[in-house]
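User: I would like to go through this model by way of its side-chain contacts. Please keep the terms plain.

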Amino acid sequence: MTNAQRMRFKAALEAKRQELERDTRVHTAELAIDEGEHDPIDQVQCMNRRDDAAVMLRRLSRTLADVDKALCAMTEGRYGACVECGEPISLKRLEIIPWASYCVGLPGVRGAT
C-alpha cells in the first residue's frame, strides 16, 4: 500500500468516524421518553421507535469501534493486514470498507478479494 493510498484511507476513516458520531447523537436523542403520550397506541409506537433507535445505536457503536481499531492500526503501522492471518487485505475490500480487519478469501486462498 502506498503512502497516498494510506492517507486516502485515513481520510475516509476519519470522515466515517464523524458521520458515526453524528448519527449516534441523533439516535440517542430518539431514546428520550415522551411523557406527554397518553394514548396507548402512541405509547406503543414510541416504544417501537425507541427499540429501533437502540438497535441502530448498537450497530453504530460496533462500527465506530471497528473504525477506531482501524485508525489505531494505522497509527501503529498494522493497517491493511488481516488480524487473523496477517495477510494483506485486498485494496478493493478496503476501498469498500476501510475499517475491514479481516481479509476475505476461500479456504487456503487468503486475500483473494
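**Contacts in the model**

Analyst: Glu 95 is partly exposed, with a relative accessible area of 44%; buried means under 20% relative accessible area, exposed over 50%, and partly exposed in between, with a 1.4 Å probe and protein chains only. This is a predicted model, in which local features need pLDDT of at least 70 and side-chain atom pairs count only at pLDDT 80 or more, while totals for chains, interfaces and linings use all residues. Residues are numbered from 1 along each chain as its sequence is written, and side-chain values use heavy atoms, with hydrogens and water left out.

User: Which residue forms a salt bridge with Glu 95?

Analyst: A salt bridge is a side-chain nitrogen of Lys or Arg within 4 Å of a carboxyl oxygen of Asp or Glu. Here the closest N and O atoms are 2.2 Å apart, and the partner of Glu 95 is Arg 8.

User: How many residues apart are Arg 8 and Glu 95?

Analyst: Helices are DSSP runs (H or I, at least four residues), numbered from the N terminus. Arg 8 lies in helix H1 (residues 3-29) and Glu 95 in helix H3 (residues 91-96). The pair links distant parts of the chain, and the separation is 87 residues.

User: What separates Lys 16 and Glu 19 along helix H1?

Analyst: Lys 16 and Glu 19 form a salt bridge, with 3.3 Å between the closest N and O atoms. Because they are three residues apart in helix H1, the separation is about one helical turn.

User: Which residues are linked in a network of salt bridges?

Analyst: The whole structure has five salt bridges. One of them joins the side chains of Arg 78 and Glu 76 at 2.5 Å, N to O. The network links Arg 17, Glu 21 and Asp 68.

User: Is the aromatic pair of Phe 9 and Tyr 79 stacked, edge-to-face or tilted?

Analyst: Rings of Phe, Tyr and Trp (its six-membered ring) pair if their centres lie within 6.5 Å; planes under 30 degrees apart count as stacked, over 60 as edge-to-face and the rest as tilted. The structure holds one aromatic pair. Phe 9 and Tyr 79 are 5.9 Å apart centre to centre, with 50 degrees between the planes, so by the cut-offs the pair is tilted.

User: Is Phe 9 buried or exposed?

Analyst: Phe 9 is in helix H1, and its partner Tyr 79 is in the loop between helix H2 (40-75) and H3. Tyr 79 has a relative accessible area of 9% and is buried. At 2% relative accessibility, Phe 9 is buried.

Conventions. Helices (H or I, at least four residues) and strands (E, at least two) are DSSP runs, numbered from the N terminus.
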